[in-house]
Amino acid sequence: MKNDPSDPSDVRLDSLFAAVREAGYRGLEVEHGFETRLMARIRAGRERRSPFFLWTWRLMPAFLSIVVLMGIWVFISESHSSVDLSAITRIGNEDSTVVAFLAGDNNE
Amino acid sequence: MNTPEEVPSDDYLVKATLAGQDEAFTELVRRHKRKVFTIVARFVKNNYELDDICQETFIKVYQNLRAYRGDAPFEHWVSKIAVNACYDALRKQRRRGSEVPLEDVEFALSAPAHDKDSGDAAWEVLRGAMEKLRPKDRMVITLLNLEEKSLREISALTGWSEANVKVRAFRARKELKKLLEGSDEKRSQ
């Protein structure tokens with residue numbers, strides 16, 4: 001940024017900037033023990049969050065056993081209710097044979 | 001005795017932190033806190049704010065550590081987060097309204113800078129005027145004139161284009177001069 005050296009307000013502003021720059025760093029006293037304070041805050045944040053995750057892990061075996069039990073129940077109920085289509089066809093054929101015999105409709 | 005080979009790199013410490021070693025993150029903080037403090041100190045009024053924004057910066061660093069790709073130096077990445085934290089703080093301050101009473105700002109502005117030879121006094125005068133600038137303008141003027149960053153560096157830190165930074169710097173400087181001149185006129189009345 002080019003400044004006008006003949007402009008007194010530019011000169012004044014630049015002298016203010018220079019004075020502030022020369023004053024240097026002013027955070028030394030806050031730096032003391034900063035890591036300790038920061039890590040304490042990070043750990044506190046982690047602990048506040050942790051009960052949820054802790055309970056999730058603790059409940060994991062219960063969730064797993066529910067899933068396994070549901071799987072077994074679905075498997076058993078499906079095997080009982082499954083319909084044998086070939087049996088229906090067989091029964092259907094037997095019925096039509098009896099009806100044809102009674103009606104005297106013998107193709108053989 | 002420590003040889004240079006024994007000093008772990010930033011990348012190594014990042015990986016160790018992600019693996020759950022808190023000591024590794026403490027070492028990262030120890031290495032980079034001076035840089036963060038230097039940036040943040042230009043934007044705050046007191047040590048309480050300085051400590052708070054620096055902590056916020058490193059908490060963001062910790063939370064987003066997985067996003068660090070390692071294609072730029074870790075220090076640049078941390079500096080960018082620090083600048084963003086300062087910008088957020090400036091915007092919050094602006095929304096709340098300046099906490100510095102108007103009379104204090106006017107007092108600081110009306111005191112002739114050339115009568116004050118210490119940097120602290122110059123900082124008070126400058127800060128009084130800069131608090132009246134828009135957050136983006138204040139950000140640019142601080143990084144350009146106090147931190148002496150180049151336009152390219154400011155662009156990289158803020159994510160704004162170089163042209164945008166240049167225009168903002170020009171406007172902010174003009175505004176600052178106007179504020180200081182206004183205070184001179186008030187004093188002469």
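Here is the chat that followed.

Q: First off, what kind of model is this?
A: It is a predicted model.

Q: How many helices and strands does chain B have?
A: Chain B has 9 helices and 0 strands. Along the sequence the pattern reads α-α-α-α-α-α-α-α-α.

Q: What share of chain B counts as buried?
A: Of its 189 residues, 33% are buried.

Q: And what about contacts in chain B between residues at least 6 apart in sequence: what share join residues at least 24 apart?
A: That share is 60%.

Q: Let's zoom in on α1(A) and α6(B). At what angle do they cross?
A: Helix α1 (residues 8–23) of chain A and helix α6 (residues 119–130) of chain B cross at roughly 130°. Their axes come within 8 Å. So α1(A) is oblique to α6(B).

Q: Left-handed or right-handed?
A: The crossing of α1(A) past α6(B) is left-handed.

Q: Which residues meet there?
A: From α1(A), A:Leu16, A:Ala19, A:Val20, A:Glu22 and A:Ala23. From α6(B), B:Gly119, B:Asp120, B:Ala122, B:Trp123, B:Val125 and B:Leu126. By class, that contact has 8 nonpolar, 1 polar and 2 charged residues.

Q: Back to α3(B). What length does it reach?
A: α3(B) has 17 residues and spans 24 Å from first C-alpha to last. That is close to the 24 Å expected at 1.5 Å a residue.

Q: Which of its residues are buried?
A: In α3(B), the buried ones are B:Leu50, B:Asp51, B:Ile53, B:Cys54, B:Thr57, B:Phe58 and B:Val61.

Q: One more residue. Where is B:Thr158?
A: B:Thr158 lies in helix α8 (residues 151–158) of chain B.

Q: Is B:Thr158 buried or exposed, and why?
A: B:Thr158 is buried, because 20 other C-beta atoms lie within 10 Å.

Q: What is B:Thr158 in contact with, leaving aside neighbours within four places in sequence?
A: B:Val83 and B:Met139.

Q: How far is B:Thr158 from B:Tyr87, in sequence and in space?
A: The two are 71 residues apart in sequence. In space, B:Thr158 and B:Tyr87 are 9.0 Å apart, C-alpha to C-alpha.

Methods:
Residues are numbered from 1 along each chain as its sequence is written. Chains are lettered from A and ligands numbered from 1 in the order in which they are written. This is a predicted model: local features need pLDDT of at least 70, side-chain atom pairs count only at pLDDT 80 or more; totals for chains, interfaces and linings use all residues. Axes are lines fitted to C-alpha atoms, for helices over the stretch in contact, and angles run from 0 to 180 degrees between N-to-C directions. Helices (H or I, at least four residues) and strands (E, at least two) are DSSP runs, numbered from the N terminus. Angles under 35 degrees count as roughly parallel, over 145 as roughly antiparallel, 65 to 115 as roughly perpendicular and the rest as oblique. A crossing is left-handed if the near helix is turned anticlockwise from the far one by less than a right angle, and right-handed if clockwise. Two residues are in contact if their C-beta atoms, placed from the backbone, lie within 7 Å. Ala, Val, Leu, Ile, Met, Phe, Trp, Tyr, Cys and Pro count as nonpolar, Asp, Glu, Lys and Arg as charged, and the others, Gly among them, as polar. The expected span of a helix is 1.5 Å times one less than its number of residues. A residue is buried if 20 or more other C-beta atoms lie within 10 Å of its own, exposed if 12 or fewer, and partly exposed in between; C-beta atoms are placed from the backbone.
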